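Me: I'd like to go through this model before I set anything up. Start with how the elements are named, please.

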Amino acid sequence: MTSAATSDPGVPPIASQKIAAAAQAIDPYNVSGGTDEHGNAVAIDYDRLVQEFGTQLLTPEHLARFEKVTGKPAHRLMRRGVFFSHRDFDKILDAYERDGTFMLYTGRGPSSGSMHLGHTVPFLFTKELQELFDVPLVIMMTDDEKYLHTRNKNEGRQKPGNTVEDFIAFAHENIKDIIALGFDPKKTFIYTDYEYLGGHFYRNVSEFESMVTLSQSFGAMGFKMEYNIGLPAYGAKQCVAAFPSSYPELFGLPDSRYPTWDPAAKMRHKSLSKIMTLIPCAIDQEPYFRILRDRCERMTDPHPKTALILSKFLTALQGAGGKMSASDANSAIFMSDTPNQIKKKINSHAFSGGRETAEEQRELGGNPDVDVAFTYLSYFLESDGELETLATRYRSGDLLTGEMKAKCIAELQSFVADFQKRRESVTDEVMRSFMQPRKLEFKGNPNPTKPAAPAVKEEGAANGEAKEGGKDGRGTKGERKAAKLAEKKAEKEAEKLASRQKAEA
Ligand code: TYM
């Protein structure tokens with residue numbers, strides 16, 4: 001039997017040897033620029049992605065305004081267009097100027113015990129934002145998401161090393177990695193879903209789940225009918241994690257959780273829903289937040305639409321077309337790699353934009369735009385001038401591939417070694433201090449134009465609502481009285497339980 005292609009006189013025989021080109025696919029579970037008809041990886045087309053997702057490009061005007069508001073030069077990742085797209089970034093700057101504060105939210109899916117270089121990108125940038133704006137930050141570790149996703153990948157089977165407990169352990173290791181990047185313990189709360197979800201957070205989850213249909217979730221995430229039911233449900237958790245009202249304790253207000261059932265937290269703290277949130281992340285996470293933004297204003301306590309600042313992907317060692325990924329060890333440099341591993345990986349796997357031979361390179365020059373060693377330098381080398389010189393010398397043939405790689409190796413070895421040194425001092429105790437729900441300490445903008453608006457300053461007083469937290473954030477008189485009563489009741493219950501246990505023993 002002949003194929004349709006070869007039997008068709010209008011189609012040359014070579015066509016039957018071609019492979020069908022695969023389209024670009026970017027979502028939280030897939031990152032690929034696609035392939036051409038010969039099966040070669042194609043670089044991610046970010047302009048097309050921005051059009052498909054309907055996000056906005058960050059412009060020089062945004063950078064200028066950012067620098068004016070913060071009084072500092074924009075971070076190198078912003079200057080160099082790594083953070084390149086956004087939703088409502090202008091509104092975050094407005095909120096900071098007007099109200100004095102906003103909340104930062106980002107996260108990590110702990111798929112293994114060590115993070116790679118690509119994962120540090122949103123965290124390094126977030127740390128800089130926290131320092132510049134002096135605002136609270138929440139970091140969500142989605143141990144539940146990674147458990148569900150891994151089990152799904154393994155066709156429903158639970159393989160050794162992939163139990164719920166393994167993912168909690170990965171989360172703890174990753175939390176230590178994140179802390180070692182230098183976050184301020186006074187204004188940073190880090191949690192894992194398995195260990196924290198409950199209280200007001202979980203109320204928001206249920207409400208949000210009720211607003212997303214299965215077909216909306218499948219459409220945005222590319223889920224299939226044979227997937228487990230956990231994955232589509234998980235999305236609501238990643239979404240409501242953006243609401244300050246999911247974390248009353250971080251703003252000095254009580255939460256309602258077993259076994260204290262604080263009566264002052266019976267009702268929601270409306271004022272928290274006034275605070276804006278900004279999420280820094282790579283653009284793969286955007287589909288979640290598209291679903292989120294469409295529903296923020298439909299919550300019982302409407303929240304302003306969450307703002308996003310989105311980055312490109314630190315490419316795989318093999319070059320543009322895919323992201324550095326923990327599931328492919330040869331594509332990634334891990335934060336636990338030794339100096340020698342880094343050297344070996346760059347020398348043997350990093351895609352080169354240079355020529356076949358040194359002579360050719362000297363004569364014709366290389367292409368830094370596709371050179372992985374140069375790309376990595378553009379993420380991690382601080383000096384714009386030095387970076388520019390490297391690019392110019394590479395283009396002119398003055399700098400050879402081996403020299404570019406050597407520069408990259410030295411830079412990454414130093415970055416990873418500094419990190420590993422700080423990581424050694426992150427003990428379990430330090431980790432626990434970041435994971436303790438507590439009132440965060442932050443000052444925000446020292447000169448806001450309308451300082452009384454958000455909850456963190458004056459608990460709803462400025463917008464005519466009943467005061468919830470009191471000026472000092474300890475709650476109103478009524479709330480404090482109710483809290484005291486609840487505390488006494490809980491103490492009595494505990495005493496009763498203890499004497500019952502004693503009698504039974
Ligand atoms: P995860 O663990 O896949 O990725 C963590 C963060 O790193 C970004 N990222 C990258 N950035 C640059 N280059 C790369 N090669 C690269 N690979 C990953 C991701 O965009 C992300 O910002 N579901 C999430 C966890 C999560 C989250 C969030 C992330 C929960 N809430 C809020 C961002 C914001 C996840 O599995 O991320």
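Reply: Helices (H or I, at least four residues) and strands (E, at least two) are DSSP runs, numbered from the N terminus. The model is predicted, so local features need pLDDT of at least 70, side-chain atom pairs count only at pLDDT 80 or more, and totals for chains, interfaces and linings use all residues. Residues are numbered from 1 along each chain as its sequence is written, and side-chain values use heavy atoms, with hydrogens and water left out.

Me: Fine. Where does Trp261 sit?

Reply: In the loop between H12 and S8.

Me: Is Trp261 buried or exposed?

Reply: Exposed, with a relative accessible area of 53%. The cut-offs are under 20% for buried, over 50% for exposed, and partly exposed in between (1.4 Å probe, protein chains only).

Me: Which peptide bond is cis?

Reply: The one from Tyr258 to Pro259, with omega near 0 degrees. Pro259 also lies in the loop between H12 and S8.

Me: What about Asp88, buried or exposed?

Reply: Asp88 is buried, at 17% relative accessible area. It is not a glycine, yet its phi is positive, about 60 degrees. Look for Asp88 in the loop between strand S4 (83-87) and helix H5 (89-98).

Me: Pockets now. What is the volume of the largest pocket?

Reply: About 950 Å³. On a 1 Å grid over the protein atoms alone, a pocket is an open set of points with protein on both sides within 12 Å along at least five of seven lines; a cavity is a set where a 1.4 Å probe fits but cannot get out; lining residues have an atom within 4 Å of a point. Points are joined across faces, edges and corners, and a volume is the space filled by probe spheres set on them.

Me: Which residues lie nearest its centre?

Reply: Arg108, His119, Lys146, Asp284 and Lys323, out of 45 lining residues. Elements giving at least two residues each include strand S5 (103-108), helix H7 (143-153) and strand S8 (277-282).

Me: And the lining by class?

Reply: 20 nonpolar, 18 polar and 7 charged. Ala, Val, Leu, Ile, Met, Phe, Trp, Tyr, Cys and Pro count as nonpolar, Asp, Glu, Lys and Arg as charged, the others, Gly among them, as polar.

Me: What is the volume of the second largest pocket?

Reply: About 500 Å³. It has 23 lining residues, with Lys312, Thr315, Asp369, Thr375 and Tyr379 closest to the centre. H16 gives the largest share of the lining, 5 residues. At least three residues come from each of domain 1 (25-256 + 267-318) and domain 2 (339-423); those bounds come from an automatic or database domain assignment.

Me: How many cavities of 30 Å³ or more are there?

Reply: 1. The largest cavity holds about 40 Å³. Its lining is His200, Arg203, Asn204, Ser245, Arg268, His269 and Asp301. By class that is no nonpolar, 4 polar and 3 charged.

Me: Last one, H18. What span should it have?

Reply: 34 Å for its 24 residues (401-424), and its end C-alpha atoms are 34 Å apart, which agrees. The expected span is 1.5 Å times one less than the number of residues.

Me: Which of its residues are buried?

Reply: Among them are Met404, Cys408, Leu412, Phe415 and Phe419. An α-helix has 3.6 residues a turn, so residues three or four places apart point the same way. The cover over the buried residues of H18 includes helix H6 (117-133), helix H8 (164-180) and helix H14 (339-349), with contact meaning heavy atoms within 4.5 Å.
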